[in-house]
Amino acid sequence: MGLTGWRLVSLIAAALLGGYALANSVGIFLAAFLPASKSDAVLAGNLVSFAVYVAAIIWVGAVRKPLRAWCVLLIPAFILTGLCLAKGVDVLASVGL
Amino acid sequence: MTVSGLVLTLCLVGVSAMTCLCLAMKRHAFELANTGGALPLSGKRLRCLGWLLIVSMFVFAVIFQGWSFGLVSALACLTLAAMVVIMTVTYYLPWLARLGVVSAILAAILLMVG
Amino acid sequence: MSQSPLSNKKASASPDGGFRQAMTWLHTWVGLTLGWVLFLIFVTGTAGYFDTEIDRWMQPELPFVEAPLSALETANVVRARLEQEAPQAERWYINLPAGRNQLYPSVFWQGASEEAGASSARGRLTLDSKTGETLTPRDTGGGQTLYQMHWRLHYLGRGYSDWIIGLATLFMMVGLVTGIIIHKKIFVDFFTFRPGKGQRSWLDAHNFFSVFALPFHLMITYSGLLFMGFSLMPLIVASHYGDEGRRQFFAEVFDPPGIVDAANTPAPLVPFTSVIHQAEQRWGQGRVQVVDVHHPQDASARVVLYESIDQTVSTSGERLVFDGVTGDLLHTEPTDASMVKHVRDVFLGLHEGLFAGTALRWLYFLSGVLGTGMVATGLILWTTKRRKTAERKPGRTHRGLVLVEKLNIGTIAGLPAGMATYFWANRLLPVNMAGRGEWEIHILFLTWLAMLLYAALRPRLKAWQELLAATGVLFATLPVLNALTTERHLLHSLKSGDWVFAGFDITVFVIGVGFVFAAYRVRSSRLSDLQKPHKPKSTAVKVSKLQDTTGGAV
């Protein structure tokens, strides 16, 4: 359906990696901002992150435009991560930076 | 009533509910008519009856087993019931209406005994 | 094609085709990519609903469990054993026999002192509840290993298997949601099954398996993801607790309140009498499931009692924390102390179905069979569609199609054969053989491999027929094998009311007959196909017959 070669690879990567980035950043964001005890908020973030991941993959499958998919997934991921950093959550340490 | 008895009753109610819903559909009612069967109720009434039976099944399960167990039992029994009905529709269509009626009667007997 | 408002919006966003087409594309490829892993997950998971029953069949020397002793008597027997086996331990974890899920008491300890006479620093034993002796049945993988294959691909380390299983589960979830989106007439076609119509029939069967147990499929898949939650999404915990903070997070979420570090001052452990008595007054007789002793024989000892989970769908009941020296009740932790943890526990509990009694357990099993059928018909559907096109263009090679067909045959018919030989190995390998349990599993995988090779070498329909027949015979003759190699044959089991043994024998027999029937249907359609000249139409008939059979059997 018109998607071949690198565009297809890029789209799949957007779904799997971009979706993963968004799911994690939503999870970390919820864990930081939910009004609950720390362990509860982290657990809640974990439970919800999978719904985000699944939704992201399906959305990428519907859009079928690699560039657009990457942008729409990564921009909110960066914003949410930025908000967490601003609140003092050590997001970067968790990925070994 | 024992748990097994309850599950059996739920399955029987589920079978008659699913039979009603199935025969309420034009396609299956038409198929049945082709084999010479006739329906005592109109499609709309059958559909109402079917949903009523499903609701009563859930209410009954929840009363006996509480919310969590009740919902799980009712859903599981509905799955089994739907399987029985689809097998009957596909391979023993003339028996379908009878199946619905008989399972409703059996369920009623079980309720009275148990 | 009916278009929802949503699909209009998306359709304009993608010039390549409508929203539904895009979703079909996604559904097809997420389903196929890890489809065989999903088949393995569903088959072994379905068998896993009867894990302890399979355990019992695979260890026929273990006694038929009669009415168990009281919780207190058993706990005392086990405690006496632990005092010898694991003195000065950090923890004793005693699982008391409670219904179907735990037939014999089992213990686990860690941090015991070998200088003080412990047999090992950490260990795990299954005991006789009357004598406290170690039960030593034959070494076997049992139902547990079969069930663990479901989430831990046997030969791989957790690091790899969690990701593969997790990815497969994720694809399953995507497959379910896209499947709901693309199913045009979910209600109109609800009761429709049209056998003998080729691809149409396969699609009907696929819908049938998927739609009827849809609540089960959604629950089982999302909760499956949650089981892998901390492995798949480690960053959420790490960013809030630091890279090394996982243990602290787990302690905060899962440990009961009031656990303290060892004082390193010896003090006698309180007798279990009053502790268990208090718990049973609260929960009812025989409803103490676990006695979890932290720092036994230390001044800061804690005895935590876990309520049986037979009256909840959650994975955890109430917990009572007692002072291990004075026996005072320190904390009562309700099941929903943390709402979020409770939600997770309910999801996991529904997945495991440990709460289910006999009737509901069979319904769980049935739902699992439907899930297996969903995966199998999905995989076959992929090939029937392409086989039709391929036969219209003879002369071209269709490597992808042939590969998928061979993998389908070798897995859908071959993996169950592997499971049957697993049971055969259990009865035929010498009882004292070294590494016996491990070899049972090797045999399972070797059989599967052999089946894949066989499927690769034979013509397609012949391979289906022969493998299905072989699998059927292997299953159906298991009761005979059982009768020849043990004294607990079917008649004996029926007479003594041992429903676990009888149930196993009857179930494998029925499964076997199902497979043989499937093979028979493939055979008759293959023969009728041979008699006719090769017309495109005959493919459809042949394929649809095959569908009746495999669809019903797997």
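**Chain contacts and a helix pair**

Mentor: In this predicted model, the side chains of B:Arg27 and C:Asp189 form a salt bridge, with 3.0 Å from N to O; the term stands for a side-chain nitrogen of Lys or Arg within 4 Å of a carboxyl oxygen of Asp or Glu. Local features need pLDDT of at least 70, side-chain atom pairs count only at pLDDT 80 or more, and totals for chains, interfaces and linings use all residues, while side-chain values use heavy atoms, with hydrogens and water left out. Residues are numbered from 1 along each chain as its sequence is written, and chains are lettered from A, with ligands numbered from 1, in the order in which they are written.

Trainee: How many salt bridges are there across the interface of chain C and chain B?

Mentor: The rule finds one salt bridge there, along with three residue pairs in polar contact, both residues being at pLDDT 80 or more. A polar contact is a pair of N or O atoms within 3.5 Å; within protein, one must be able to donate a hydrogen and the other to accept it, and residues adjacent in sequence count only if both atoms are side-chain atoms.

Trainee: And which elements of chain C give two or more residues to the side that touches chain B?

Mentor: Those are α8 (199–212) and α15 (358–392) of chain C, and α15(C) has the largest share, five residues. Helices here are DSSP runs (H or I, at least four residues), numbered from the N terminus.

Trainee: What area do chains C and B bury between them?

Mentor: About 2,100 Å², 80% of it on carbon and sulfur atoms, where buried area is the accessible area (1.4 Å probe) that two parts lose on being put together, summed over both. In that interface 24 residues of chain C are in contact with 25 residues of chain B, contact meaning heavy atoms within 4.5 Å.

Trainee: What is the count of salt bridges between chain C and chain A?

Mentor: That count is zero, although eight residue pairs are in polar contact, again with both at pLDDT 80 or more.

Trainee: So where does that leave chains A and B?

Mentor: Chain A and chain B do not touch, and their nearest C-alpha atoms are 20 Å apart. Chain A itself has four helices and zero strands, and its C-alpha trace spans about 50 × 25 × 20 Å along its principal axes.

Trainee: Last topic: at what angle do α5 and α13 of chain C pack?

Mentor: Helix α5 (residues 71–85) and helix α13 (residues 272–283) of chain C pack at about 145°, with their axes 10 Å apart; axes are lines fitted to C-alpha atoms, for helices over the stretch in contact, and angles run from 0 to 180 degrees between N-to-C directions. The residues making this contact include C:Ala71, C:Leu72 and C:Arg79 of α5(C), with C:Phe272 and C:Ile276 among those of α13(C).
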